[in-house]
Amino acid sequence: MQIFRPRGTTDILPEEARKWQSIEEEIRNLCRIYGYGEIRTPVFEATDLFHRGVGETTDIVEKEMYTFLDKGNRSLTLRPEGTAPVARAYLENRLYAAPQPQKLYYIGPMFRHDRPQAGRYRQFHQFGVEIFGAEDPAADAEVITLAVEFFGRLGLTGLTLHLNSVGCPECRPVIREKLVGYFEALIWKCCPDCRIRLAKNPLRLLDCKEEHCREVGRGAPNPLECLCVECSAHFAQVRHYLDLLNIAYELNPRLVRGLDYYTKTAFEILIPGGGAQDAVGGGGRYDGLVGAIGGSPVPAVGFALGLERTLLLMKNKADPDAVAGPDAFVVLAGDTADAATRLVARLRGAGLATDRDYTGRSLKAQMKYAGKVGARYVVIVGEDELEGGNVALKDMETGRQTEVLLEEVVERLRRVLKK
Ligand code: HAM
């Protein structure tokens, strides 16, 4: 019986992989310009990291983690997100002892046992950045700017930036208390999940997707009006810097994010009309995370963007580098395998993208194949020509064919291809 890939996963085939590569290149280039170094952490971590880092009452920890016992009976979890692992690595590798701030970025697979649908997978990829050791609201503005610039560089317009502040351990209890006071009397109108949220995580009452719960929430107290003096001032500065940089945003006091580590700034980048999967990225400040996983407190801020969702948005646009076929395709005509094999090696050695036939098909079929894969030139290694030390060179764009000395064909191709 045939075996299929697990639900919620995808195979990225070469044509699609090229798009991934060009996005990854954009990311690496942008991160270099902004001064971020790459960090690669394991795809699995001690389960406890996410319990303590992401939060016991989040959907991720309650329902979505791929958790298993290894042969040594240790509980491990495939990382559902990158921030807690990077914070763990920052601590474990004593990056706090290096000059601060530490600016890190990552690209890699994450795993959540979500219900798969368009734009939502069980294995998906994120590009994320994290800054450790910076309290300054200008750092919040920097990561937001980076995210916005990334989408701008990909030519994705029409995205909206939603911005909020979710307070700190000083003002969060005030926000919570006010929300509980408001929702308690109305909770009978809300969904069963919201009833649990009221007891466990009242802030999340604000971002329930159920329409009747949202209706109830419309009259709820505005968390932004309950911020302490420090959080208010910090938020005002973040907004000031965004204004300074002409980054447009919408204030959204209902934006609470699905992870518990956030303090102060929280933001999301939304696809208009995207429905339940409307966020292409999100992030914020998390000044308590490093402390929660066993370190001394370190202020930090970052974001992660979903790469599958980014690519879905790009589907509507033309492929930036449409099919790049080989520079040369070597066609074998007659008993010329040795000469062709040597020629292919020389062409590749000269840095030219080169392919050849391996199926023993007819000359005509090889030419047709070369056309299909988009070869720019075809080199025909034929028995008769070879006796005179020649090969035939065909320009697939003009259709012109000339005889060239075998010894000179590499140089000639380098010259005409400017390589
Ligand atoms: P998040 O909002 O959970 O944040 O995920 C960030 C992005 O990952 C989402 O906006 C979405 O584009 C993508 N994403 C999430 N789940 C899926 C899925 N099942 N399928 C496809 N794409 C998905 C975080 O993960 C935080 N670590 C972000 C952060 C970094 N905050 C501070 N630093």
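## Around the ligand

In this predicted model, a polar backbone atom of Tyr-121 sits 2.9 Å from a nitrogen atom of the ligand; a polar contact here is a pair of N or O atoms within 3.5 Å. Arg-112 brings a polar side-chain atom to 2.9 Å from a ligand oxygen atom, and Phe-303 places a backbone N or O atom 3.3 Å from a ligand nitrogen atom.

The ligand is surrounded by 26 residues, where a residue counts if one of its heavy atoms lies within 4 Å. The closest are Glu-81, Thr-83, Tyr-121, Glu-130 and Tyr-262.

## Helix 11 and its cover

Helices are DSSP runs of H or I with at least four residues, and strands are E runs of at least two.

The buried residues are Leu-307, Glu-308, Thr-310, Leu-311, Leu-313 and Met-314. Their cover includes helix 1 (14-34), helix 5 (137-153) and strand 11 (300-306).

## Helix 1 against helix 5

These two covering helices also pack on each other, at an angle of about 145 degrees with axes 11 Å apart. The axes are lines fitted to C-alpha atoms over the stretch in contact, and angles run from 0 to 180 degrees between N-to-C directions.

## Reading notes

Residues are numbered from 1 along each chain as its sequence is written. Local features need pLDDT of at least 70, side-chain atom pairs count only at pLDDT 80 or more, totals for chains, interfaces and linings use all residues, and side-chain values use heavy atoms, leaving out hydrogens and water.

Notes
Buried means under 20% relative accessible area, exposed over 50%, partly exposed in between (1.4 Å probe, protein chains only). Contact means heavy atoms within 4.5 Å. A polar contact is a pair of N or O atoms within 3.5 Å; within protein, one must be able to donate a hydrogen and the other to accept it, and residues adjacent in sequence count only if both atoms are side-chain atoms.
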